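Thank you all for coming. Please bring the sequence and the structure up on your screens, and then we can walk through them together.

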Amino acid sequence: MVGSSGKVDCCNDSNSAMNSSKDSEMNVGDGQQVGSFCPNCHGGMGVGKKMSDERIHKVGIPESKSVAHQFSSKVKETFFPDDPFRQFRGQPHGRKWMLGFMYLFPILEWAPNYSLSVFKSDVISGLTIASLSIPQGISYAKLASLPPIIGLYSSFVPPLIYSVLGSSRDLAVGPVSIASLLLGAMLREQISPTREPVLYLQVAFTATFFAGVFQASLGILRLGFIIDFLSRATLIGFMAGAAVIVSLQQLKGLLGIQHFTPKMDIVSVLRSVVEHKNEWTWQTVVMGVFFLALLLTARYISKRKPKLFWISAAAPLTSVIIATVFVFATKADKHGISIIGHLKKGLNPPSLNMLRFNGSYLGLAIKTGLVTGLISLTEGIAVGRTFASIKDYQVDGNKEMMAIGLMNIAGSCTSSYVTTGSFSRSAVNYNAGCKSAVSNIVMALTVMVTLLLLTPLFYYTPGVVLASIIIAAVVGLIDFPAAYFIWKVDKVDFLACVGAFLGVIFISVQMGLLIAVGISIFKILLHVTRPHTSLQGRIPGTNYYRNIEQYSEATRIPAFLILRIDAPIYFANSTYLKERIMRWVSEEEDRIESENEDTLQYVILDMTAVTTIDTTGVNIVVEVKKILEKRGLQVAMVNPGAGVMEKLRRADLIESLGEDCLYLTVGEAVISYSSTLKEKEQV
């Protein structure tokens with residue numbers, strides 16, 4: 001009770017059975033020993049010698065704070081939950097500057113302690129992921145309908161930028177399948193990569209620039225919580241759907257089809273495959289099936305025996321080499337096998353002059369940049385955090401956003417398209433024993449050598465082997481164990497997963513993404529606007545009050561309805577809570593009437609989980625109290641949070657609500673009202 005204390009007597013002190021237990025202790029708050037139950041008190045606890053000295057505790061009212069202090073505290077909790085400025089406190093001025101540079105450039109943290117033994121591990125890791133990134137870079141560029149050389153450019157400059165700015169030791173950076181698929185799908189809606197290749201390339205670089213700006217802005221403004229709107233369930237469904245579509249799209253190269261639908265839904269893709277079966281070439285099919293089987297077998301071996309990770313890592317480049325030599329030796333390009341052709345020799349040319357910040361395609365570039373930027377950022381941070389948790393170190397999400405964003409901004413100016421951390425390459429990097437971001441530098445230098453000296457060797461590389469590499473890579477995005485786990489744990493989450501999956505494969509990748517985001521937001525709104533409430537009962541032999549659905553032994557207290565509200569109360573859910581409380585009351589009165597029990601007289605609202613309340617919520621609380629009092633019911637609120645008490649104090653409602661309305665624990669409220677009820681009955 002607020003501002004008062006009192007003593008409570010047992011309703012039958014002369015009863016010999018009760019006198020025999022006078023030395024038993026009575027709990028006023030949870031966790032203390034409890035005396036015997038007194039039926040005459042309608043659910044109150046028997047009060048012995050100990051209870052005569054107990055106090056009904058006050059509900060604390062927080063100290064009043066200025067608006068400026070509250071605002072600054074709110075900003076800190078919202079944007080700086082990790083308190084990044086903690087390391088600067090108490091440091092000399094010069095040291096603060098150094099810490100600032102180390103925060104912006106994480107390479108300065110580990111570079112001074114870098115050793116030769118660590119370098120050896122990073123060299124091995126870098127060469128290993130380079131053998132994977134070169135064929136994947138070429139393949140993913142084709143997936144995005146970009147020239148194959150752009151994939152190699154994107155595996156050179158961005159990893160160098162990330163190695164300086166990134167905080168993950170294991171993240172292997174480069175083009176990825178999902179971002180490539182999204183970029184190509186969205187741009188092809190308005191621009192043909194075959195009829196307008198220059199314009200297509202310009203808009204692709206511009207979209208990459210906006211993706212980088214968006215990603216870096218999230219980090220700088222510390223708005224990383226935005227990416228959390230994509231739940232794990234929807235991401236798993238989206239990734240699986242995208243993997244299916246990517247694989248089906250590769251049937252064009254796997255079967256040797258020349259004319260293929262630009263649409264991304266499964267029906268259109270399969271129809272195109274059937275309608276153009278006259279374009280299938282048996283040579284392409286045989287070669288594709290062979291290399292796909294080789295790549296999947298290598299993947300299977302490495303998955304079963306992690307120490308043999310190098311088999312799956314080397315398989316793509318080995319396949320490219322074998323296929324290229326075979327085509328060159330047999331002149332298979334003259335017999336229906338399509339090849340890459342000429343790859344421009346040399347390092348990334350500047351592309352700043354190709355960025356288009358005006359014209360009719362600016363909106364397309366911005367939209368594509370935002371979508372691909374969001375997905376690639378989510379994937380990159382998720383991959384980085386996964387391996388950081390395995391190695392027991394921290395990855396700063398905001399640093400990662402800035403690093404990935406600045407990496408893409410620099411990439412857009414150096415003929416690269418959207419890049420991020422790849423799960424497959426990062427897994428290989430981890431298994432190869434990488435120790436730092438130097439592995440990315442080694443990979444980038446290997447790609448540089450390839451660009452300078454080896455690109456002519458890819459002239460006879462068949463497109464079918466690139467299609468096989470893409471299919472083998474995206475198969476890993478279909479996570480059946482994760483989907484089964486979601487089904488087993490949460491059916492609503494599974495519906496979100498399936499919804500995202502079906503949206504991708506039957507409508508389009510973009511619509512699938514929108515469905516995934518929509519489902520995630522809908523789930524949030526559902527939890528926000530329809531908060532959980534539960535009926536509480538007393539655990540026998542204790543003074544604990546718990547959900548009677550969860551604890552079958554919990555018993556109702558006669559004449560009492562004890563409800564727990566498990567969410568903040570504000571405009572979005574206040575009306576629902578009012579209606580739900582009224583329904584609880586009506587249902588309880590109906591039950592009491594049907595079972596001929598004591599009349600309901602008290603409604604206790606356990607507000608321990610109500611951390612905050614707004615003005616609408618305050619009005620609803622007052623309104624609920626008035627409505628219930630008109631029905632002859634007395635209302636108590638138990639342990640409202642500091643934010644709630646502060647709002648009630650500002651609204652001058654604490655006194656008007658009454659001292660007998662606010663209690664610290666449910667047990668105290670039951671005891672206080674039980675004694676009042678006993679006094680009424682005695683009168």
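Predicted model: local features only at pLDDT ≥ 70, side-chain atom pairs only at ≥ 80, totals over all residues.

What radius of gyration does the chain have, against that of a compact globule of 683 residues? The chain has 33 Å, whereas a compact globule of that length would be near 26 Å, where the radius is taken over C-alpha atoms and the globule rule is 2.2 Å times the number of residues to the power 0.38. Along the principal axes, the C-alpha atoms fill a box of roughly 110 × 65 × 55 Å.

Residues are numbered from 1 along each chain as its sequence is written, and side-chain values use heavy atoms, with hydrogens and water left out.

The chain has 27 helices and 8 strands, taken as DSSP runs numbered from the N terminus (helices H or I, at least four residues; strands E, at least two). Of its 683 residues, 52% count as buried, meaning under 20% relative accessible area with a 1.4 Å probe, protein chains only.

Let us turn to one pair of helices. Helix α13, residues 282–304, packs against helix α19, residues 463–474, at an angle of about 35°, with the axes 9 Å apart; the axes are lines fitted to C-alpha atoms over the stretch in contact, and angles run from 0 to 180 degrees between N-to-C directions.

Definitions and conventions: Buried < 20%, exposed > 50% of the residue type's maximum accessible area, 1.4 Å probe, protein only.
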